[in-house]
Amino acid sequence: MTAPAAPPIRIVGNSAVAAVGILAGALGTLESVVSPTLPLLQRELSIDPAQGALLSIAMLITGALTAPIAGVLGDRHGGKRVLIWLMVVVTAGGLVSSLAPNLLVLLLGQGLEGAMVGAMPLSFILMRKLLPADRSPVAIGVVSGFFVGGGMLGTLIAGPIAEGLSRHWMFAIPTMAIVAATVLVHRLLPDDRPSRTDARIDWPGMLLLSGIVLTFMAGLATAPDMGSQPLLLVGVVVLLAVFVTGWVAVERRAATPMFDLRLLARPAIWRSYVVTFAACIGAALSIYLVPQLFAVSGDGYGFGASPTDIGRYLLPAAAMAAISGPLGGLGVRRFGSTAVVAAGIVLMTAGLIGMALVHTEVWHLVVGKALISLANGVCITALVIKTATSVDQGNTGTATSMVLVIRVLGFATGAQIGGAVLTAGTSAGSDIPAESAYVTALVIASVVTTLSLLALRTMSKGARN
């Protein structure tokens, strides 16, 4: 059943798009403050690395589970309304994290903050509804670019804030920015009418997807032990297969499925998901490896850089990430999604291979990381636009939310691959990986990224975008 007739929604101006972009940037900043300060958090909270790893994935898990729900609710009740309420949850999470006296409370705050991932499909819903078709791709690119740029900004400022003020302020400052940006969004954006009145949360499908995500994450976390415990590997594979089979069966029978599996019959959709996963693995490996190469001081490689130095070295990458979204949107409008994605993959592969072959000077890594940040941002923006414009408006939130779920899984996979390769390349009695381990990990990243080109061959068969 379609939504009842309503007066046409007024077309919004650049200030409204900027407000959504600023909100996305603030969310990206809050999302990224834990990773660069994990050693500090482990020290101040007296937790071991295994417990610290929980902080790294708590938000990812919550975000992967929240995005589909937010997309469905946005399609049913309107993107702006759901976005505002979601920001209330995120703000509560930021406040809890900023006041957290121990690990348990901080995990609660991170879990609440993870709801921010649902803001992205809601933003895409709003951009499609409130802008003409020729402007929405660029606007989606702007929002995506602000989110990615905010993530890089959080990585850069988290350490100085935590060391100069306290760990509490590195959560509090982005949270205050989120509150201010939410007020702007509320004032500048008109209410949007629902795209679908029949959209309901498919709780059985949601629970089974949760099982898939949690099993996948658990499998990644226990991957180093699977070689010596083959039964563990078998158990994870079997459990994952059970959840996937159950999810497919439920979605095929549900009256209002969380994800319409018929969408996967469209090459533009499933190939977008495949390329997203591969591209995020490559980007995650660079995010994980490059700071460590700056910091390490090995035999003939590494630079022994301080956290402040690393922040300065990553500034060009932050700048590239910030402009990648708008560039991706403009590129899609001019050349089409497939061409932009292909160019992004080629550029990312070149950056990864370049760093694998040449990393003897700081500028080698600075340039390589900047290229990868630009390429990944352009590529993911084009993929989101392709997914959003390949479905009707009533499915925008649902389809794009799955891109974000897959993005989370891709980043988690890439980080785990990087950790496993460096661990395997560390000699007994040493805590410094061999240079060859970094090279191997970067080569793996480039191979995975390059293979995603195979999925592009018929991604837009018969269509320009």
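In which handedness of crossing does α14 pass α16? In this predicted model, residues are numbered from 1 along each chain as its sequence is written, local features need pLDDT of at least 70, side-chain atom pairs count only at pLDDT 80 or more, and totals for chains, interfaces and linings use all residues. Side-chain values rest on heavy atoms, with hydrogens and water left out.

The crossing of α14 with α16 is right-handed, that is, the near helix is turned clockwise from the far one by less than a right angle. Helix α14 comprises residues 315-335 and helix α16 residues 362-389; helices are DSSP runs (H or I, at least four residues), numbered from the N terminus. Their axes approach within 7 Å and cross at roughly 35 degrees, where axes are lines fitted to C-alpha atoms over the stretch in contact and angles run from 0 to 180 degrees between N-to-C directions. On the α14 side, the residues in contact (heavy atoms within 4.5 Å) include Pro316, Met320, Ile323, Leu327 and Val332. Their counterparts in α16 include Val366, Lys369, Leu374, Val378 and Ile385. The contact divides into 13 nonpolar, 7 polar and 1 charged residues; Ala, Val, Leu, Ile, Met, Phe, Trp, Tyr, Cys and Pro count as nonpolar, Asp, Glu, Lys and Arg as charged, and the others, Gly among them, as polar.

A search of the whole structure returned 1 salt bridge, defined as a side-chain nitrogen of Lys or Arg within 4 Å of a carboxyl oxygen of Asp or Glu. Side chains of opposite charge can pair when their charged atoms come close. The partners are glutamate 44 and arginine 167, with 3.1 Å between the closest N and O atoms. Glutamate 44 belongs to helix α2 (residues 38-45) and arginine 167 to helix α8 (residues 167-188), so the pair ties together parts that are 123 residues apart in sequence. Glutamate 44 is partly exposed at 42% relative accessibility, whereas arginine 167 is buried at 8% (buried, under 20% relative accessible area; exposed, over 50%; partly exposed, in between; 1.4 Å probe, protein chains only).

Glycine 79 is placed in helix α4 (residues 79-99) and is buried at 0% relative accessibility. Glycine 79 and leucine 122 are separated by 43 residues in sequence, with a C-alpha to C-alpha distance of 5.0 Å.

Notes. Helices (H or I, at least four residues) and strands (E, at least two) are DSSP runs, numbered from the N terminus.
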